[in-house]
Amino acid sequence: MSRPKNDTFLRALLREPVDYTPVWLMRQAGRYLPEYCETRRRAGNFLNLCKNPQMACEVTLQPLARYELDAAILFSDILTVPDAMGLGLYFAEGEGPKFERPLRSEWEIRDLQAPDPNVHLRYVMDAVAEIRRALGNSVPLIGFSGSPWTLACYMVEGGSSDDYRTVKTMLYDRPDLMHRILQVTATAVTNYLNAQIESGAQAVMIFDSWGGALSHAAYREFSLAYMRQIVAGLKREHDGERVPCIVFTKGGGQWIEAIADIGCDAIGLDWTTDLGEARRRVGDRVALQGNMDPVSLFASPEKVAVEAKRVLDSYGSGTGHVFNLGHGISQFTPPDHVTALVDAVHSHSRRGLAVG
Ligand code: CP3
């Protein structure tokens, strides 16, 4: 199998020469697109959408039909893994994700087991295969998972949290139980990402959305150590092609040297870190992905283009940059502002890379 016709995203991640800076957006398929809302309405709810491979494929392709994006990302959610572990995921309207059976008691934690992704998450593997068929040879498909720490936050809290009080109390009081959850989850994530790669994902990303809530020491012990274990266990080649791996710790800008050390190909950055400075700190060890403030997309299309150029210029010339937002796109984003963003990234970087 050869690379897709547009392999700019893979080339940038592997720090091979590129003609322009590739761009995709976290949560690029989602509620800011009216066509997504229509498909979700037909599905009944978000979870039905995730569990139906044909519909998941349909919404994965929707942003690519509108915008000249350089990668597709599997439509799913990080919380399908704890759902497959038996915690009972549901989405209460307007309240975000919740678990019917959050992990609290010692015996539940001792009983926790990594699911078989080809059985309990078959619908995700079917969606990956379906999306690859539908994409043909156009752009690469990104698979993903949550990090063990981020998944544990939801599994122990039972939903979203402002202060992570329950999960952090467990971390400080019963580190043995916390490590047990993280160990089982790390095994689950490794198997899950490898199954996605075998089903056709051409790059994978680990979302450590709540790693930045940890102290300096706790981040290393309770988040980074498990992501290191996952990266070490990933299949890095499939069908004769390297499968790059991106690690994104939101709020992790001060730890990028340590993140680069775990063996990933690229680091995702939120908007609080300067890309150029990050580049100097990690050198040529990894590529960087990011990092425009998603809220800047609410400014006029002209100002969106100005901000996109500023982000590109902060990285500077040469390969190794994948343009993205610093976190997921807001559901209230005007869709035509995204057109302005994608066009600005492509046209400005073509000029910059031609002279650089
Ligand atoms: O990026 C993509 O387009 C792929 C799809 C994707 C979704 N969730 C779809 C989704 C991805 C990669 C995720 C990851 C995810 N899910 C993360 C990590 C990234 C991040 O944002 O930090 C987290 C923490 C979750 C958990 C989650 N799922 C929350 C907290 C919520 C509710 C918040 C919200 O925006 O409503 C979800 C729901 C969710 N996941 C939606 C989508 C499109 C909205 C569901 C809907 O249609 O109502």
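1. A salt bridge here is a side-chain nitrogen of Lys or Arg within 4 Å of a carboxyl oxygen of Asp or Glu. With that in hand, let's look at Glu-100 and Arg-101, which form such a bridge with their closest N and O atoms 3.3 Å apart. Glu-100 is exposed, at 52% relative accessible area, whereas Arg-101 is partly exposed, at 43%. Please keep in mind throughout that this is a predicted model.

2. How many salt bridges does a search of the whole structure find? The count is 24. Salt bridges that share partners also tie Arg-3, Asp-7, Arg-11, Glu-16 and Glu-241 into one network. One of the pairs to inspect is Arg-11 with Asp-7, whose side chains meet at 3.9 Å, N to O. That distance counts because the cut-off is 4 Å. Arg-11 is partly exposed, with a relative accessible area of 24%, while Asp-7 is buried, at 16%.

3. Another bridge joins Asp-83 to Lys-51, with 3.0 Å between the closest N and O atoms. This pair links distant parts of the chain: Asp-83 sits in helix H5 (residues 80-87) and Lys-51 in helix H3 (residues 46-51), 32 residues apart. Lys-51 is partly exposed, with a value of 37%.

4. Now for the ligand. There are 22 residues around it, and those that come nearest are Arg-31, Tyr-36, Arg-40, Ser-209 and His-327. Taken alone, the ligand exposes 870 Å², of which the protein buries 88%.

5. What does its side chain reach? The side chain of Thr-60 comes to 3.2 Å from the backbone nitrogen of Phe-75. Thr-60 belongs to helix H4 (residues 53-66). The residue is buried, with a relative accessible area of 1%. Setting aside neighbours within four places in sequence, Thr-60 is in contact with Ala-72, Ile-73, Leu-74, Phe-75 and Ile-131.

6. Helix H9 (residues 148-157) is mostly covered, with 10 of its 10 residues buried. Among them are Trp-149, Cys-153, Tyr-154 and Met-155, and also Glu-157.

7. Finally, the surface. Which residues make the nonpolar patch of about 320 Å²? They are Val-295, Phe-298 and Phe-332. Phe-298 lies in the loop between strand S10 (287-292) and helix H15 (301-315). Its relative accessible area of 35% makes Phe-298 partly exposed, and that value qualifies for a patch because the threshold is over 30%.

How values were computed: Residues numbered from 1 in each chain as written. Predicted model: local features only at pLDDT ≥ 70, side-chain atom pairs only at ≥ 80, totals over all residues. Heavy atoms only, no water. Patch = residues over 30% accessible without salt bridge, like charges linked within 9 Å, V, L, I, M, F, W, Y side chains within 5 Å. Areas by Shrake-Rupley, 256 points an atom, 1.4 Å probe, with all protein chains shown as cover. Helix = DSSP H or I, 4+ residues; strand = E, 2+ residues; numbered from the N terminus. Buried < 20%, exposed > 50% of the residue type's maximum accessible area, 1.4 Å probe, protein only. Near = heavy atom within 4 Å. Polar contact = N/O pair within 3.5 Å; in protein donor to acceptor, adjacent residues only side chain to side chain. Contact = heavy atoms within 4.5 Å.
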